[in-house]
Amino acid sequence: MGSPWLWGISIVVLLGLLTVDFAVTHRPHEVSLREAVGWSVFYLALPLVFGLGLWWWIGTTQAVEFFTGFVVEKSLSVDNLFVFMLLLTAFAVPSALAQRVLLYGIVGALVLRGVFIAMGAALLQAGAWAFLVFGGILFVTAVKILREALAGESVERDVSQLRSVRLLRRLMPVTDEYHGARLTVRQAGRRALTPLSVVVVAVFATDVVFAVDSVPAVYGVTEDPYLVFVTNAFALLGLRALYFVLRSALGRLVYLNHGLALILAFIGVKLMLHWAHGLWPAVPEIPTLASLAVIVVILGVVTVTSLRSGRRAVEEAAGRS
């Protein structure tokens with residue numbers, strides 16, 4: 001459904017929103033809950049209006065595909081926030097600079113998603129076997145995430161050992177302290193990177209991993225590259241504000257990875273069934289509306305069980321004291 005003028009308008013609007021975000025974060029400041037909630041509501045209202053517009057002008061099928069893809073991408077983006085939180089902590093990023101780091105991460109993620117979306121579209125045009133490849137990627141990823149979640153393995157790692165970070169430190173000197181929102185400074189007569197540059201590179205490196213999972217997941221909902229692009233864009237745009245809203249709640253979503261693993265496995269199976277249906281029409285397909293219902297139920301169960309687990313842990317701790 002993405003005609004050239006629709007792509008053009010969408011990219012211009014996206015660049016405009018990113019420009020506003022950079023203007024907001026131009027002067028580093030600590031984000032208040034009121035400010036974060038306001039921006040979060042704005043970035044949740046945008047896809048709602050867009051989806052309703054699709055339903056009104058294009059049709060129900062495209063609108064349902066968009067909303068389903070958005071829910072999938074938004075749930076996966078919450079996992080991004082966990083990693084962003086770990087990186088901000090590991091690099092001791094001042095709270096006033098946190099939103100600028102998040103914005104750089106979002107821009108990097110958008111660029112990478114754009115590249116992967118184009119590659120995915122090319123694969124789909126090459127043949128239906130691409131659905132089987134995407135499904136396999138998602139299923140393997142789901143098994144890996146679920147095994148780590150069941151084993152209680154921490155996702156925290158020594159970010160200084162990331163190849164990109166080690167390479168960056170070899171190429172240029174890095175200052176010992178932050179210099180506001182500046183990425184480089186002149187020190188002792190030569191150009192040096194600030195720690196902000198290092199954390200931004202680390203965020204970009206993790207963006208690559210998330211793009212590998214995210215793009216095949218939404219292609220499991222819709223084959224339209226334009227809808228894949230806008231669902232990713234809408235899901236990522238509000239991450240900066242959502243981080244500050246959910247910062248205190250992220251640690252309480254203890255079963256989030258269990259839920260994400262189930263969602264990825266479900267979409268992987270959906271893609272495999274779609275591939276098989278093309279060869280053997282008797283093989284059933286999973287309707288998009290049913291996919292949306294399954295994903296919403298999984299997220300609801302994950303949220304409720306996580307909150308109950310946290311409440312039970314607090315009660316047990318209070319009982320021991």
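Me: What does the accessible surface of the protein come to, and how much of it belongs to carbon and sulfur atoms?
Reply: The accessible surface is about 16,300 Å², and carbon and sulfur atoms hold 67% of that. Keep in mind that this is a predicted model.

Me: And how many residues count as buried, as a percentage?
Reply: The protein has 321 residues, and 44% of them count as buried.

Me: OK, fold layout. How many helices and strands are there?
Reply: Eleven helices and two strands. The order along the sequence is α-α-α-α-α-α-β-β-α-α-α-α-α.

Me: What share of the contacts join residues at least 24 apart?
Reply: Taking contacts between residues at least 6 apart in sequence, 77% join residues at least 24 apart.

Me: Switching to electrostatics. How many salt bridges does a search of the whole structure find?
Reply: One. The side chains of E73 and R113 meet in it, with N to O at 3.5 Å.

Me: Where do E73 and R113 lie?
Reply: E73 is in helix α3, residues 60-90, and R113 is in helix α4, residues 98-126. The pair therefore ties together parts that are 40 residues apart in sequence.

Me: Is E73 buried or exposed? And R113, buried or exposed?
Reply: E73 has 2% relative accessibility, so E73 counts as buried. R113 is at 5% and also counts as buried. The cut-off for buried is under 20% relative accessible area.

Me: Back to α3. What does F70 touch?
Reply: Not counting residues up to four places away in sequence, F70 touches L44, P47, T231, F234 and A235. F70 lies in helix α3, and at 11% relative accessibility F70 counts as buried.

Me: Now F134. Which helix is that in?
Reply: Helix α5, residues 129-151. At 5% relative accessibility, F134 counts as buried.

Me: Which residues is F134 in contact with?
Reply: Leaving out neighbours within four places in sequence, F134 is in contact with G120, L123, L124, P216, Y219 and L271.

Me: What separates the C-alpha atoms of F134 and M272?
Reply: They are separated by 8.3 Å, while F134 and M272 are 138 residues apart along the chain.

Me: Last one, V269. Where does it lie?
Reply: V269 lies in helix α10, residues 256-279. At 34% relative accessibility, V269 counts as partly exposed.

Me: And how far apart are V269 and I286?
Reply: They are 17 residues apart in sequence, and their C-alpha atoms are 9.2 Å apart in space.

Key
Residues are numbered from 1 along each chain as its sequence is written. This is a predicted model: local features need pLDDT of at least 70, side-chain atom pairs count only at pLDDT 80 or more; totals for chains, interfaces and linings use all residues. Side-chain values use heavy atoms; hydrogens and water are left out. Helices (H or I, at least four residues) and strands (E, at least two) are DSSP runs, numbered from the N terminus. Buried means under 20% relative accessible area, exposed over 50%, partly exposed in between (1.4 Å probe, protein chains only). Contact means heavy atoms within 4.5 Å. Accessible areas come from the Shrake-Rupley method with a 1.4 Å probe; for residues, only the protein chains shown count as cover. A salt bridge is a side-chain nitrogen of Lys or Arg within 4 Å of a carboxyl oxygen of Asp or Glu.
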